[in-house]
Amino acid sequence: MSLLSVRDLGISFGGVVAVDGVGFSVSPGQVFSIIGPNGAGKTTLFNLVTGIYRPHKGDVRLDGQSVIGLSPHLLVRRGMARTFQNLQIFFRMTTIENVMVGRHLAERSSFLADLLGLPGVAQQNRLTRDAAFALLDRVGLAAQADANAGALPYGALKRLEIARALAAEPKVLLLDEPAAGCNAIETEAIDALIVAIARSGAAVILIEHDMKLVMKISDRILVLAQGRRLAEGAPRAVRDDPAVIAAYLGDHGCREADHAHG
Amino acid sequence: MAEFLQLLFSGLTVGAVYALVALGFTLIYNASDVINFAQGDFVMIGGMGTVFLAAAGLSLPLAALIAILAAVAVGLLLHRLAIEPARGASPVALIMITIGASIFIKGIAQIVFDKQFHALPAFTGSEPIALGGATILPQSLWVIGGAIVLFAALHLFLERTLLGKAVLATAANRLAARLVGDQRQGHPRARIRRFRGHRRDRRRPRHADHADALRHRHPVRVERFCRRDGGRHGPPARRRGRRRPDRPDGGFRGGLYQFDL
Amino acid sequence: MLAGALRPRLATLVLLALVMAVVPLVAPSAFYLRVAALVWIFALAALGLTILMGYAGQVSLGHAGFLGIGAYGVAIGPAHLGLSPLLSLVLAAALSGIIAYVVGQPILRLKGYYLAIATLGFGLILALIFQSESAVTGGPDGMAVARLTVFGWRIASAMQWYWVSAGVLLVGAWIALNLADSPSGRALRALHDSEVAAAGAGVDVAARKLAAFVVAAIYAAIAGGLLACMNGLITPDAASFMHSVELVAMVIIGGLGSVLGAVVGAAFLIVLPQALTALQEYEQAVLGLLIMVFMIALPAGIVPTLRKWLMERLS
């Protein structure tokens, strides 16, 4: 039973078709990677699925229900959370406050109560903080809980975004290049984190360029090129698919790869 | 029909002036990403400056010229001392800086000049010309004609000269422009003012506080922008490398018009 | 800039209360108390604005318009509708909130410069209305305002106004501090930093912005009402662009997003002209110069800079 199913999704910007008829589905506990050359439409696809763009055609169903046209903050309510390619951290807040914002939907406090400082608010703050701390611990940032987010190194910020996304207790987690710009050690950490998340029952959809990471942890891979589906399947099958190799490496590189493989 | 023509004439005249003000405003925004709240105060400097210099005995064209140079100088100072140091600040901060500058300039102007209304004579007389049942002042023709000349000149400058293209490039992407080897290390923004005196009758006073004038629907002094031909070319070494893309360039000939809103 | 500074919530209130208690003891005459009362009143308006601009990050260059609504509300209520000044104040604040709610929805969709200009325009519209509707508002010359009576107690002397405005400010500060350290406050601060990420965390960005706008409008209206009652007179000037600029300057000079900053900023911009009466002519020039210097040299504002300096000294 698929948790998220995307069917024939398409959008164009001013005549340029960014995504054309892409579809896939993910089940709980699966790690599903989306790869493709730059400009293939991967982040656009994410934006379509998470409600930032409205598709011109196609459908997105979460738990069997169509979620087309819902704004992003409503999709989170339905169980979809994401991270961003270009790090949308709340730099003016502390590390733990970043994750506490992620707990927004779980918080029970009205605006009026917040203004008047009613006792429930302090308690809510405590609950949220505790939950956030647990999440920071999970991604290995517990020690920097009260540090300013701006002071963290890049790899830590990537993990912070994941923690914030996890705070919403999503059923589907979309990670946009979680290991981009990370060194080998940081990538290992993220690798382990993703596997752990999937193991806990959530579905993880991943956009990545790091092939080692992708091949290692993915259950299924979707290859996009120029907004269209190029190939889909298990990592091994995708890796050996000549069309995929051609798209990534070009004809010349294809021949080189053939030579290399002997 | 006559009424329509009358409205058309006055509309074109006022519109021409506002278009010039807007042109300068847009140039500044494109080059520096700053909404210049002090724009009206530059208008005021040109106008009041011309008035006071003319009253001190200088001929009108000379007074206008010096007033323009004064406005340019103030613009340069504003850029150098206020906008440059705050580069990269948030939009709010930049707005507040120009607002502060506007208040400051107004405050100083009220001391340097005064708070009274003033007038300047028209260029070629104030005998209205009959046209199609309506009348148009000669000065209005100067305004509209001059504005058209200025627009054309600026267009030529930006599209046909290297300096102008550099200004456009800088406006489009400052960093890229510098990286492609802008020898002047940034280009002066061709923002120039042009002023002309205009004689208004006593019903159209000039006011030191331009913004207030606008609000209270008093006649407005407006500045016009012209380009300075040729810019200042020369080997970069002489420049001392201090040129910036959005510094106003010099200007001469000026005009200032006064209109009933 | 708010991070880490939220815990001393009580400290801020205590500090404020202490200052409020000390001022009457050192004030040489009633005039100084009046000035201090003015500071508290404008600090209240600035406080609302810092919630909007500092927490939520939405600029408003027309905020004096809401001040005007409150001011004219307490003037018109007793004069034309026969209501008591206190009831008029409450109604004016509510009206201000409603207007903010209605106007805020389209306006807050804008960002950056567009939002600034749109709010500027809105403020100008209000000022124009106050000026033009002479039958109701007394036109450019303004109108007289009845004295405020609270449950039979008529507030007139400088000392009384001092304590009333101080008390109201203290309550306002308490509310603002509550908001900062709460789920709503975090949501606001989040959308200030990244709207898309805040939405991604489930925050209804549009609704939150609107809430901040309404709160800020109510603060300003209450301040305006108190101002009008204290002065006994209100003119359309109260809603002028200059006043809006001064409010923004107070917020930024004092420290964006800081409760103490709003008070310090207000004190700075109100006390300074009083201190410079000798330089009467130069008042405008000095104000402009100050605004420029602070925006350039001390963009974080007085209170955050001081706080940082203190923290560095202590560590």
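A residue is called buried if 20 or more other C-beta atoms lie within 10 Å of its own, exposed if 12 or fewer do, and partly exposed in between, with C-beta atoms placed from the backbone. This is a predicted model, in which local features need pLDDT of at least 70, side-chain atom pairs count only at pLDDT 80 or more, and totals for chains, interfaces and linings use all residues. Residues are numbered from 1 along each chain as its sequence is written, while chains are lettered from A and ligands numbered from 1 in the order in which they are written.

## Strand S3 and the sheet of chain A

Helices (H or I, at least four residues) and strands (E, at least two) are DSSP runs, numbered from the N terminus. In S3(A), five of the five residues are buried, so the strand is largely enclosed by the rest of the structure. Both faces are covered: A:Val31, A:Ser33 and A:Ile35 are buried on one side, and A:Phe32 and A:Ile34 on the other. In a regular strand the side chains alternate between the two faces of the sheet.

Two strands pair if DSSP finds at least two bridges between them. Strand S3 (residues 31-35) of chain A runs parallel to strand S8 (residues 203-207) of chain A and is joined to it by four bridges. Across this pairing, A:Phe32 stands opposite A:Ile205, and A:Ser33 stands opposite A:Leu206. S3(A) also pairs with S9(A) in the parallel sense, over four bridges; there, A:Ile34 has A:Leu222 as its bridge partner.

These strands belong to an open sheet of six strands in chain A, with the order S6-S7-S8-S3-S9-S10 and mixed pairing. Strand S6 (80-82) and strand S10 (228-233) of chain A are the edge strands, each pairing on one side only. Direction ignored, neighbouring strands of the sheet are turned by 20° against each other on average. Helix H1 (residues 42-49) of chain A packs on the sheet and touches S3, S6, strand S7 (172-176), S8 and strand S9 (220-225) of chain A. The direction of H1(A) makes about 150° with that of S7(A), where axes are lines fitted to C-alpha atoms, for helices over the stretch in contact, and angles run from 0 to 180 degrees between N-to-C directions.

## Domains of chain A

Domain bounds come from an automatic or database domain assignment. For chain A it gives domain 1 (1-79 + 170-262) and domain 2 (90-169). The C-alpha centres of domain 1 and domain 2 of chain A lie 28 Å apart. Their contact (C-beta atoms, placed from the backbone, within 7 Å) takes 13 residues from domain 1 of chain A and eleven residues from domain 2 of chain A. On the domain 1 side, helix H2 (72-78), S7 and helix H7 (184-199) of chain A each supply at least two residues, and the largest share, four residues, comes from H7(A).

## Contacts of chain C

Between chains C and A, 30 residues of chain C are in contact with 33 residues of chain A. Helix H7 (158-180), H8, H9 and helix H10 (205-231) of chain C each supply at least two residues of that side of chain C, with the largest share, nine residues, coming from H8(C).

The contact between chains C and B takes 20 residues from chain C and 22 residues from chain B. Here helix H5 (112-132), helix H11 (241-254) and helix H13 (283-297) of chain C each supply at least two residues of the side of chain C, and H13(C) gives the largest share, nine residues.

| Chain C, touching chain A | 16 nonpolar residues | nine polar residues | five charged residues |

## Helix H3 of chain A

Eight of the eight residues of helix H3 (residues 95-102) of chain A are buried, so H3(A) is largely enclosed by the rest of the structure. Among them are A:Ile96, A:Glu97 and A:Val99. The buried residues of H3(A) pack against helix H5 (119-139) and helix H6 (154-166) of chain A, and against helix H8 (183-193) and helix H9 (195-200) of chain C.

## Nonpolar cores

A nonpolar core is a set of buried Ala, Val, Leu, Ile, Met, Phe, Trp, Tyr and Cys residues joined through C-beta atoms within 7 Å. The largest has 233 residues, and those with the most contacts inside it are A:Val172, A:Val204, C:Ala43, C:Ala46 and C:Ala223. H10(C) gives the largest share of this core, 20 residues. Domain 1 and domain 2 of chain A both give residues to this core, so it lies between them. Leaving aside neighbours within four places in sequence, C:Ala46 is in contact with residues including C:Leu247, C:Met250 and C:Val251. A second, separate core of eight residues includes B:Ala16, B:Leu20, B:Val143 and B:Leu150.

How values were computed: Two residues are in contact if their C-beta atoms, placed from the backbone, lie within 7 Å. Ala, Val, Leu, Ile, Met, Phe, Trp, Tyr, Cys and Pro count as nonpolar, Asp, Glu, Lys and Arg as charged, and the others, Gly among them, as polar.
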